[in-house]
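Could you walk me through this protein structure in a friendly way? I am new to reading models and would like a short briefing I can follow side by side with the picture.

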Amino acid sequence: MIRLVLAIIVCVGHLAAIQGLGIYAVYGFFLLSGYGITLVITEKYKGNILAFYWRRIAKLYPLYLINWVLSVGLLRVIGIGGWHAMQIQEPWSILMIDRSWGSPIPQAWAIIIELLFYVLMSFGISTSSRRTFAWLGCSLILSTADWGYYHPFTYSVWFATGAAAYWMKIKIPKESGMAAELSYPVFLSHYLIGALISSAFGISRGWPLFLVAMPVVIAFSWILTRIDRKVAVYAAG
């Protein structure tokens, strides 16, 4: 449920135009990822990192690709007037490589940061308490500088804090159920759905757009979870 609440906070920031709100939810996402990825690499996928990567790709990429294709189609068919953040200047963003300078999924910069730290953690940066607390210390020092909004160093401290929580034996409830499944597709699709409804009905960003768009976002995300389940079954097999 925590991740879904965080995803909805991001939606409020983007659709209701509350500037700066979503970044606090992103901090929460990164902290949970630091904890969760450290846990699975240390326990479930210990000695089998290729399986970890395969499951991560199967979890993240198909839903990303669906949203990327739909967003590009939306941009080409009707433009997106006031949704200037949605652009197609970076065609390689189809591979989940972008810097949010022209992506059809502007919020995907956060996923890119996640992937980068997945790689670092899989290489052992958090596979022992000593390494983790050394990483946390370095991250705290780095956080005193202004690296910019999209720079990985800006967010390293949150991943490191989550990893440290694992080694401190702090228990975070395991993700399960529909809420856990919905969080990622809600995060991915809300910009697309918001832009579509805004352009179709002339609703500018604000609480009315959020209230109109969110039921559609949830319904669309539920459909995406059905696809995600089928991909997960294939990946597991």
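This is a predicted model: local features need pLDDT of at least 70, side-chain atom pairs count only at pLDDT 80 or more; totals for chains, interfaces and linings use all residues.

In it, 21 aromatic pairs turn up, and one of the helix pairings, H3 with H7, is roughly parallel.

**Aromatic rings**

- Let us begin with Tyr-27 and Trp-158, whose rings are stacked, with 4.6 Å from centre to centre and 10° between the planes.
- This pair joins distant parts of the chain: Tyr-27 belongs to helix H2 (residues 22-44) and Trp-158 to helix H6 (residues 152-167), 131 residues apart.
- Tyr-27 has a relative accessibility of 22%, so it counts as partly exposed.
- Next come Phe-30 and Tyr-155, an edge-to-face pair because their ring centres are 5.3 Å apart and their planes stand at 75°, where edge-to-face calls for over 60 degrees.
- Here too distant parts of the chain are linked, with Phe-30 in helix H2 and Tyr-155 in helix H6, 125 residues apart.
- Are these two residues buried or exposed? Phe-30 is buried, with 1% relative accessible area, and Tyr-155 is buried with a value of 1%.
- Ring pairs tie a whole cluster together, and its members include Tyr-24, Trp-109, Phe-117, Trp-135 and Phe-159. Tyr-27, Phe-30, Tyr-155 and Trp-158 from the pairs above are among the members as well.

**Around Trp-83 and Ser-198**

- Arg-205 lies over the face of Trp-83, 3.9 Å from the centre of the ring.
- Trp-83 is also one of the residues that Ser-198 touches, along with Ile-203, Ser-204 and Leu-209, leaving aside residues up to four places away in sequence.
- Where does Ser-198 lie? You will find Ser-198 in helix H7 (residues 177-201).
- Ser-198 counts as buried because its relative accessibility is 11%, and buried means under 20%.
- A polar atom in the side chain of Ser-198 lies 2.7 Å from the backbone oxygen of Ile-203.

**Thr-38 in helix H2**

- Thr-38 lies in helix H2, and with 1% relative accessibility it counts as buried.
- Which residues does Thr-38 touch, not counting those up to four places away in sequence? They are Ser-33, Met-121, Ser-126, Ala-163, Tyr-166 and Trp-167.
- With Ser-126 there is a polar contact between the two side chains, at 3.0 Å.
- Thr-38 and Val-77 are 39 residues apart along the chain, and their C-alpha atoms are separated by 43 Å.

**Two residues with positive phi**

- Ala-17 is not a glycine, and yet it has a positive phi of about 60°.
- Look for Ala-17 in the loop between helix H1 (2-15) and H2, where it is partly exposed with a relative accessible area of 46%.
- Met-96, another residue other than glycine, has a positive phi near 65°.
- Met-96 sits in the loop between helix H3 (49-78) and helix H4 (109-122).
- Is Met-96 buried or exposed? Met-96 counts as buried, at 8% relative accessibility.

**How the helices pack**

- The axes of H3 and H7 come within 10 Å and cross at roughly 10°. H3 and H7 are therefore roughly parallel to each other, since angles under 35 degrees count that way.
- Where H3 meets H7, the residues on the H3 side include Lys-59, Leu-63, Asn-67 and Leu-74, and those on the H7 side include Tyr-184, Leu-188, Leu-192 and Ser-199.
- H3 also packs with H4, at an angle of about 175° and with the axes 12 Å apart. That makes H3 roughly antiparallel to H4, as the angle is over 145 degrees.
- In this second meeting, Ile-49, Phe-52, Tyr-53 and Arg-56 are among the residues of H3, and Ile-111, Leu-115 and Tyr-118 are among those of H4.
- Leu-60 and Tyr-64 of H3 are listed for the meeting with H7, and Leu-60 and Tyr-64 are listed for the meeting with H4 too.

Conventions
Residues are numbered from 1 along each chain as its sequence is written. Side-chain values use heavy atoms; hydrogens and water are left out. Rings of Phe, Tyr and Trp (its six-membered ring) pair if their centres lie within 6.5 Å; planes under 30 degrees apart count as stacked, over 60 as edge-to-face and the rest as tilted. Helices (H or I, at least four residues) and strands (E, at least two) are DSSP runs, numbered from the N terminus. Buried means under 20% relative accessible area, exposed over 50%, partly exposed in between (1.4 Å probe, protein chains only). A charge sits over a ring if NZ of Lys or CZ of Arg is within 6 Å of the ring centre and within 35 degrees of the ring normal. A polar contact is a pair of N or O atoms within 3.5 Å; within protein, one must be able to donate a hydrogen and the other to accept it, and residues adjacent in sequence count only if both atoms are side-chain atoms. Contact means heavy atoms within 4.5 Å. Axes are lines fitted to C-alpha atoms, for helices over the stretch in contact, and angles run from 0 to 180 degrees between N-to-C directions. Angles under 35 degrees count as roughly parallel, over 145 as roughly antiparallel, 65 to 115 as roughly perpendicular and the rest as oblique.
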